[in-house]
Amino acid sequence: MITTPLTKNVHEDRRVVLVEDYEANGGYQGARKSITQMTPSECLQVIKDSNLRGRGGAGFPTGMKWSFVPMDNVSPGHKYLVCNADEMEPGTFKDRLLMECDPHQLIEGMICGSYTIQADIAYIFLRGEYVKAAETLSQAIKECYAKGYLGRSIMGTNYSLDLYLHTSAGRYICGEETALINSLEGKRANPRAKPPFPQVSGLWGRPTIVNNVETLCNISHILDHGPEWFQELGIGEDAGTKMYGVSGNVQNPGCWELPIGTTIREILEVHAGGMLPGYSFRGLLPGGGSTDFLVEEHLDLAMDYGTIGKAGSRMGTGTMIILDDKTCPVGMVKNLIDFFAHESCGFCTPCRDGLPQTAHILQDMSSGKGESRDIENLERLVKFIGSIGNTHCALAPGAMEPLQSAMKYFPEDFERHAKGKKCNYCETD
Amino acid sequence: MPTIVIDGKEYEVPQGENILEACLGLGLDLPYFCWHPAMGSIGSCRQCAVIQYQNPEDERGKLVMGCMTPVQDGARFSITNEAASSFREFIIESLMVNHPHDCPVCAEGGECHLQDMTVMAGHRDRRYRGLKKTHRNQYLGPLIHHEMNRCITCYRCVRFYKDYAGGSDLSAMASHDHVYFGRHEDGKLESPFSGNLVEVCPTGVFTDKHLVNDYTRKWDLQSAPSICPGCSVGCNTSPGERYGKLKRVHNRYNPDINGYFLCDKGRFGATYVNSEKRIPAVGRRSKDGLFDAIDSSQALTDIAKGLSTSKVIGIGSPRTSIETNFALQNLVGQQNFCTGISETETALVSACIEAIKESGAKIPSPREIERCDAILILGEDVTNTATRIALSLRQAVRNEAFNMAEGLQLQSWQDAATRMLVQDERSPLFLASPHATQLDDIAEGIFNLSPSNIAHLGYSVASLIEGKKDDAAKKTDANDYGNIAEALLKAERPLIISGTGVTDTSVIKAASSITSALVAKGKETYLSLIYQEANTLGITLLDQGQGPSLSNIFEQGENNSIQTLIIVENDLYRRAAKHKVDKLLQAADQVIVLDILDNETCNQADIVIPASSFAECEGTLINFEGRAQRHFPVFESKHPCRPSWEWLTEIGKISSNKNMLEWQCFDDINKACSESSSTLTGINEVAPDRKYRVGGRKIPRQPHRYSGRTAMVANLSVHEPKQTDDTETPLGFTMEGHSGDRPGELIPFVWAPGWNSNHSVHKLQTGSEGELKGGRSVVKIESKKLIQSKQQVKSVNQNNDQDHFIAVAMYKIFGTGELSSQSPGIIELCESESIELAIEAADKLGVSNGDGVTAHGVNGTVDLEVKINDSLISNCVGIIQGMPGAANINPGEGLSLTRSENWVRRSEIISSDQLGGKNV
């Protein structure tokens, strides 16, 4: 039984998997099966039954998302499937591995997904800096057209699909699906107001599904091997495998495909090899820069959506950033908030003008100019910026997650800085 | 109507609104920035946050944005809840992080929405201790001043400029807290609606440059309800004055016409009132040709004497009030009163009135135009001749968008969502014009045709609608024209637009036949016909085709049968060829000119009398739909200026004119006019008369202000001078009086406690974009009642052979208007007198931009500068109307062109040199 479907083809030396090798290893079987033997609604049912949840960070059930796409022919016109490959979450590099090493897996997933929602055009919205992925994907798309996996009458059926690669001009906010759509349309990358959701009114006002790379990579395997197989891959309540990653001062930073629900401790200690000598663990951001800190007491929790959610954080992208004892949490959070303040699209006030205020306080604190009122001011900012609904999209609330949890778990560091003191680990510019 | 609960109190609110507009409609104060009643919601500023409770048990509630939350029956909200009010305070605090503390020197101060909202939201203490961000300002042309540091990033400017008004040269640039609203490079904002940024911007980023450079606070401005005299649309304005100078013009809300927006000619084209070209005194020309200032009573007596002993002709004007023209008509007698409109134009106006009578279509207001869902424009260059209507048309093509949005249960105020859904889908608009127009970007079909071919298109469409397949609809264009016919037939409210601008009566007749055909099919059809000036329709209705035409007067002049010629507010050199006017003015023994600004006709006069401008006198204008509207004096006429109707009445009294003896005031003239014919009945109900009082009090022209008005003349006396009594109108030149609900036509300015900016208008409305609480008189003069004698039109010399070009009238928003083009700012934007040629024509003549050509026409030859207009059809040349010399060429006539050999090209202008001296 295949236990690591996503990385089974990946070569040791990470050279790209060519179409022949991909096919030889069972590639395009999921696509062939679904397009030639299944109806779109049967495909949708399989995905629903598999309990696949979106791997981009929010964990929304993929089958349910797809089911919102109108399937009647009342309003004829294009439908779109967009792959969100704008991987810009701090500390996250899982999609890059999948695209650079095995591009056909993504394309096959997109073919299956497009067929399921009956999209006739698909886009890969790729982070501009992923130059190598752009090369491998372009090559793979060419191969697919040559082999008849893309274009008119795919695999002899009357289903047609065109797939385009779009390299992003580069903003973090393009990872937000509606900002991505605006950017793809050539507009400012501001998130859109919801409702209407993209499933109904997305790219060019047409029904659109936006899915993360890893999510789409799972699709062909599920269709090929069935939902039960997929369910069994997971350890806990979630199904499938997950690309977990670890960065920070650990022995073996990297990215691994593991059963979803593997414990944090196993990922950190077995796969990442534990902390580097001389460093001890203080905390971690479980799923990228916009998730709440977890600490020692959480290490035995399973890395799945529900468990991490209950612990007060989010699994996010599943790629952890480790905080050690020789890094100041205030400085680390400052670094993150600087990033988010800079990546704000500038649309809504709390994010546009609230994050720079937060960044400014943290800058003062980390450079020894902290004042006693700073903690109260930070709490106030967290309160107003940190709730979904107060802002136009989830960027600013996400940005507040590491700050609010750092203040909760590492109060002594904030208090020290609020007294105007510097610390040994913060940059003092 | 759904019932909602706000802070424990039940309210009935209109279905389909959002919480913010519902709250404002209920008179509740809820601060906001990005929402605009005409532009809907996007949810960017997050200022209008309220608490919404999920169910009766919910005590905590959830923070929601008022502007993004639809009202639902039974929904429970709180504005005053601490969680909401502290969030709103935080939003203001955040907006103020980078906002400069320059209120004392900011042109918006005192009418700043940001000031009002800051006070309302309760922000006081600044927690942020960093530096403020600064930006570089841009030169945006002579009309708008840019001060980017004041921006609070509400996105209203680009939403108005790009989304609502279709502009392309203002955008949001950069991101995070560096968002910049401006042009890609310095330069004049190209949209003819750019001036609305001044009112749309909730703070002082975009301000009126004229006002900035000669500044007065709103609380020191004296205002009056007025009507824009710039074109035939009749937008309602609120001009403001101080120290005898017109300082600025603001929009005055009228739900039928201009709503919240004006065009740039209306907003910036009124300061000619302060011009140095104002006629300073009553003058008599001495033998040396110069004018001597004389005593007005002496002049009037002399004129009156002349009236009784000689043949008198009076030439009125389509740019001034009914009352002035009526007074002149009474003074000289109907058979001696000429409208002063050119021969060609008179025939066109008659054709329009005929069309209205025959077609049975409805005449839409600009607001009704916005509801029309299929539009055909025949020839009229609406953006340049009736600019505000072009803005309405841009909304009309969005009806398809609202239909699509309805399919997704999106309310029309969900602006961003609707635009993203709809993308480029529009209701059909078809355009036929000899050249490109500024509405081409929203048109589904564009037909560049000569005027006669436009008429042909019109007739073809009409027969297609009728279902006939006659010769008119030739095979070649059957498809294209069929689309038009089909779209019009499919629409619920089809609209045909034409007017006198294309200067071809057959086009107007074609428009009429299309509307007739649609009406015959049972369609609710609208027909909009545009006239060239503010009172063109009014004076035509007054004249009833009874008086002599302009060419008839030229003939009388040639026969030496005119002794006295009284010309009122009309520069004849703009109406007819120079040699004809010269002859007429020389033939008359005595030429008396009443006018506002000095012009060529004044120069030829024997007696010149200074007349008050629209801002200094009362008057009634009739707009393109036949709607009669009153403008009131904003300030007193400077001695010896007086309203023309007053001068004429006085002359009438001296000469014992029995009609005029009874006239004591404006209202008497107005009443007499209303009673004079059945056509004009009702113009005395346009606005309350001078006796109107509320609780015994007049309506003040000045707001309650706190700076001392005594200081104004403190260099002369520390005693405050008594305010002049206004005996002519229901308004007072004071700050005392009634400022509660009052009729819409008597609202000089908008203000409400806590709402100092123009946003206070919602306090006077019954709902967003709704009716005014104090009511409003709507008087429409039915042109149908007019029985006009058929005009005898001499056909113009049509040399349509290969060597001749057809002269096509072209219009410019800045330059075509006689008075507006004398306003500072606008002067800079007026183009030079030129002839527009298609590139083929230019090649044939061997000329390029800036060269000269000599045009040979029926009125002789004229040298004009060449401007290549690639969109013109090749056998037509464009003559810009209103430019000096343009009247020497009759639109429609065949011109032969030759290269002008002794033409001297103007020296090249380097644009950076132009910027040098400007106040950026």
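Tutor: Helices (H or I, at least four residues) and strands (E, at least two) are DSSP runs, numbered from the N terminus. This is a predicted model, where local features need pLDDT of at least 70 and side-chain atom pairs count only at pLDDT 80 or more, while totals for chains, interfaces and linings use all residues. Residues are numbered from 1 along each chain as its sequence is written, and chains are lettered from A and ligands numbered from 1 in the order in which they are written.

Student: Which residue of β2(A) stands opposite L81(A)?

Tutor: β2(A) covers residues 121–126, and five of its six residues are buried (20 or more other C-beta atoms within 10 Å of their own, C-beta atoms being placed from the backbone). Strand β1(A), residues 80–85, pairs with β2(A) in the parallel sense over six bridges. Opposite L81(A) stands A122(A).

Student: Why is helix α19 of chain B largely enclosed by the rest of the structure?

Tutor: The buried residues of this helix, residues 536–543, include T536(B) and D543(B). They pack against α9, β17, α10 and β26 of chain B. α19(B) is largely enclosed because the number of its residues that are buried is eight of the eight.

Student: What is the phi of Q544(B), the residue that follows α19(B)?

Tutor: Q544(B) comes after α19(B). Its phi is positive, near 55°.

Student: How many residues does chain A bring to the contact with chain B?

Tutor: Residues are in contact if their C-beta atoms, placed from the backbone, lie within 7 Å. Chain B gives 32 residues, with β4, α2 and α15 of chain B each supplying at least two. Chain A's share is 30 residues.

Student: What distance separates the centres of domain 2 and domain 4 of chain B?

Tutor: Domain bounds come from an automatic or database domain assignment, with domain 2 at 319–340 + 541–685 and domain 4 at 804–915. Eleven residues of domain 2 of chain B touch eight of domain 4 of chain B. Taken over C-alpha atoms, the centres are separated by 31 Å.

Conventions: Two residues are in contact if their C-beta atoms, placed from the backbone, lie within 7 Å. A residue is buried if 20 or more other C-beta atoms lie within 10 Å of its own, exposed if 12 or fewer, and partly exposed in between; C-beta atoms are placed from the backbone. Two strands pair if DSSP finds at least two bridges between them.
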